[in-house]
Structures are given as structure tokens and as C-alpha cells.
Amino acid sequence: METSSLIALDRAHLWHPFTQAMTAPDAIPIRSASGAVLTTTDGRHILDLISSWWVNLHGHAHPAIARAVAEQAATLEHVIFAGFTHEPAIRLASRLAALLPDPLSRVFFSDNGSTAVEVAMKMAFQHATNKGEKQRTRFLAFEGGYHGDTIGAMSAGASSNFFRAWKQLLFPVDIMPIACHDSSIGHDLIDISEQRALKALEAHLDQYGQTTVAALIEPLVQGACGMRMHRPAFLHAVTERLRHHGIMVIFDEVMTGFGRTGDLFACVKAGVAPDFICLSKGLTGGFMPLSATVTSDAVYQAFMGDSVDRAFLHGHSFTANPLGCAAALASLDLLITDACKDARHQIERFHRSTLADIVAGSTLTRRFRVTGTIAAFDLECADPGYASSLAPRLRDLFLQAGMLIRPLGNTVYLLPPYCITNDQMEKVATSVRAVLQTLEEEAPRPRTAPVPVPAFDMF
């Protein structure tokens, strides 16, 4: 079908996510993809530098994962997971338990990141009830956190300001400050920020610790609110204070899981084991919708009993879908190889050297930050934030340069698939430099000396 016909049908029938259709340009039809490159129906090539919303680990249409899905589809495409099981789900749960820190060993499969978070919240709440701690009804989350788009996840992420349209539907969640950093902040200022946040948390827990059931946090990197980063030491301190009050800890690793922070999981990098970890996005290497909520056997045992009322009465039609499990197993095989580990380190080196130098050389950039394969910086503008009018201009400039970069308002971030080549990263460097130069020419101002990136490394 011709590109113009596809666009016309799209415009007539489709409703795209996170898009104001009245002002947005037409969606770009993609015909195929390979590695880090998307190919449009009219033959253009676009470098996917956000891993198609953070899901793609090893490159598009990776033959090993495609083969695993095809072989599974010819054998068993799906079966109800209540009362039945199958080898792909069993093997995947075992693999995840082996890769995650103790005591995370019990895996509940669902469909996406938001449902993984909902499962963790519901499990934590019922766990308290089953243990006779019915006074624990409060949830706690952190300022700017984003956990998904279902009601519980939205309630925990209300401070991200994505959910104002549904404010009356949400239930109360206590929101605590979080200590974020960037390359322009010295250690002393970071320490002060962390101490302030911890004191606020302590004061809150002194009053509500015994009635709080669980706390949710995106470990090391808060994604949707602008790739805001915090130190492992801060995560340790927060977890210790929560545990002191008997509060369960939920790590939302929907974005940070599967190597994004450098290590396989942010909890591994930080050396902190939560009570629940929520996984999705990269779980299947970008091929299939699948998520997992992983907890301990001790939590699992609290749901045992003669009455069905003690059971976790939650599920999804496609729970533990065999195709998704097969894709995840193939993706994990690739993830744990030395070649993939080396590729992640190469991406981080590019961020910390080449990209850091480019950003430091611009008068418009602020707050450069890196954790593993994730790099971000902010651009000066009159209306900062997710709704910034700068975002459409940035998307357009990057697309003209052949790059898919979807800024979070005035925050530009790079989160490429691990298969990105050195030549492609050189193209990224050239294009980012050119886009920044264009923006400076469009908004002339007195030039100042570039701000050097500090040499210290907090990770």
C-alpha cells in the first residue's frame, strides 16, 4: 500500500498514545527494521536511539529471538495458566530467579509494566492482610515517579503530573522527596540533598511507618519524569529506613532492568534486594508484551491456606504467554554473553566521553547525567517540563538528521539498543552536535565558556 494511503487510513481510524492529534504531524509508517535502524515505507532510514520506548535490547528483528518465537508458535501459542503450565514459563521463571538477588524467587507473569506494578501493590496489600496487619493501608512513593497508566500505578505516580485528567479516580499515596543529581553538582551538594530527603522520609515514617504497607521507587533512574538519577547510597539509605518500619519495598525496574543501568538490574548494581521487583519492556527483547512481578518465597507462603480467600485472585488472559516466554528466554541468552556486556560498556563510554564533550560545548545544555547505557541532558527554554514547546522542534530536528529521539519535554535522552555500532554512534555524535548548533543559531545569546564535565564518577 502506498505511504499516502497508509497515512490516510491511520488518520481515519487510529488513536495514538501520548499524542495530541490536533497538533501532531502524521505518524510515520515503518515498513521494516533491522538492528538499530527503522526503514519507512518511503525508504528512509531512521536510527532508533530510544529502543522504541525502551523495549528493544538487541536490535530489531533479531534472528535468534524471531526464530525462537516462530518455533514456539508452531508448537504451543497459548494455554490458560490457571491449572496448567508449560516449559517456556517454567524455564523463564527459573532463569529470572537465578539472575536476581536472593530472596527473589517467585515469579508472577502479567502483560506490561503497569500491570506488573499493580500486581506488586495488590500482593503487598493482601500480604499485610493475610499476616494480620490490617492497619497497613498506606502506600508511599517518590516525587516525580512514574509507574504506569492503570489506576494503582497512576496513584503511585501522581506526582509526575501525567494524570491530572483522572485525579478524582486516584487513591491517596504519600509522596516523599527524592535526591537527584547531575554532572554539575558536586559531592557536597549531593550529600546535602540526600540528607534533606532522608530526614523528610524519617519524619514521615515516624508518624505513618506502622500504617504503611509498601513503598515504590524506580531504582537509580526515574524514567518518564526526565531521566532523573540518584546514587546507590541513597537507595540503600531509603531501603534501610523503610525496612526498619516493616514496610515492603517495590522496585519498578520496568525501564532499568536487563542491562540498562550497566549491570543486569539496577538492584544488582546498587546491591539492594527489594521485596518485589517489577519487570517488563526489555524482558522479551522488544518482541512480545510480557511482564513479571518477582517476590520471595516468604511472601508466597503468606497466601497459602485452606480458604481461597487467602489466594491471590488476580490474572490475565495471556498470563505467561508461551510466545512471550520463548522470546524472553532467547533475549536472556543474548543478554548474558560477554559480547552484550562489552556492547553496554561501549555505549556508556560513548556517553561519558564523546557525548559529554558535545553537551559541555553548548551554551544551551544543562544537567548532563549518565547511568549505564542511559544518558540525558536538559535544554534551556522558556517553558521547561514535559509539555515544553521545545519538544516538537527537537523531535523534528532529530528526525531530519535520521534519528528517532523522543525528548521528554526539554530533556533529551539517549537509550539505544545494545547492537548500535561505532559508525552509528559517530553519526549520533555528529547529529547531536548539529542539532545543538542549530538551536543556538535560532536563539542567539551571549556565549559563555563551556562548563567542563567533572571528572568524578558516582557510579
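Two strands are taken as paired if DSSP finds at least two bridges between them. Helices (H or I, at least four residues) and strands (E, at least two) are DSSP runs, numbered from the N terminus. The model is predicted, and local features need pLDDT of at least 70, side-chain atom pairs count only at pLDDT 80 or more, and totals for chains, interfaces and linings use all residues. Residues are numbered from 1 along each chain as its sequence is written, and side-chain values use heavy atoms, with hydrogens and water left out.

Strand 4 and strand 12 run antiparallel and are joined by six bridges. Both belong to an open sheet of seven strands with mixed pairing, in the order 4-12-11-10-7-5-6. The edges of the sheet are formed by strand 4 (104–110) and strand 6 (174–176), each of which pairs on one side only. On average, neighbouring strands of this sheet are turned by 20 degrees against each other, direction ignored; axes here are lines fitted to C-alpha atoms, for helices over the stretch in contact, and angles run from 0 to 180 degrees between N-to-C directions.

Strand 12 comprises residues 291–296, and six of its six residues are buried, where buried denotes under 20% relative accessible area, exposed over 50%, and partly exposed in between (1.4 Å probe, protein chains only). Within strand 12, Ala292 stands opposite Phe109. Ala292 also stands opposite Leu279. Strand 11 (residues 276–279) pairs with strand 12 in the antiparallel sense, over four bridges. Towards the other end of the strand order, strand 5 (residues 138–142) pairs with strand 6 in the parallel sense over three bridges. Leu140 has Asp174 of strand 6 as its bridge partner.

The loop between strand 10 (248–252) and helix 9 (266–270) contains Thr256. Thr256 has a relative accessible area of 1% and is therefore classed as buried. The side chains of Thr256 and Glu253 are joined by a polar contact of 3.0 Å; such a contact is a pair of N or O atoms within 3.5 Å, and within protein one atom must be able to donate a hydrogen and the other to accept it, while residues adjacent in sequence count only if both atoms are side-chain atoms. Apart from neighbours within four places in sequence, Thr256 is in contact (heavy atoms within 4.5 Å) with Pro219, Val221, Thr261 and Ala266.

Phe265 lies in the loop between strand 10 and helix 9, and with a relative accessibility of 0% this residue counts as buried. When residues up to four places away in sequence are not counted, Phe265 touches Leu99, Leu100, Glu253, Gly257, Phe258, Ile277 and Leu279. Leu99 and Phe265 are 166 residues apart along the chain, and their C-alpha atoms are separated by 8.9 Å.

Rings of Phe, Tyr and Trp (its six-membered ring) were treated as pairs if their centres lie within 6.5 Å, with planes under 30 degrees apart counted as stacked, over 60 as edge-to-face and the rest as tilted. This rule gives twelve aromatic pairs. One of them is the tilted pair of Phe162 and Phe163, at 6.2 Å centre to centre and with 45 degrees between the planes. Phe162 is buried at a relative accessible area of 18%, and Phe163 is buried at 4%. Ring pairs place Phe162 and Phe163 in a cluster with Phe18, Trp53, Tyr146, Trp166 and Tyr386.

A charge is taken to sit over a ring if NZ of Lys or CZ of Arg is within 6 Å of the ring centre and within 35 degrees of the ring normal. Arg138 lies over the face of Tyr208, at 3.9 Å from the ring centre. For Arg344, which lies over the face of Tyr418, the value is 5.8 Å from the ring centre.

Backbone geometry was also examined. Most residues other than glycine have a negative phi, and most peptide bonds are trans. The peptide bond joining Asp102 and Pro103 is cis, with omega of about 5 degrees. Pro103 lies in the loop between helix 4 (87–99) and strand 4. Trp54, a residue other than glycine, has a positive phi near 80 degrees. Trp54 is placed in helix 2 (residues 51–54) and is buried, with a relative accessible area of 9%. Ala61 is not a glycine either, yet has a positive phi of about 55 degrees; Ala61 is found in the loop between helix 2 and helix 3 (63–73).
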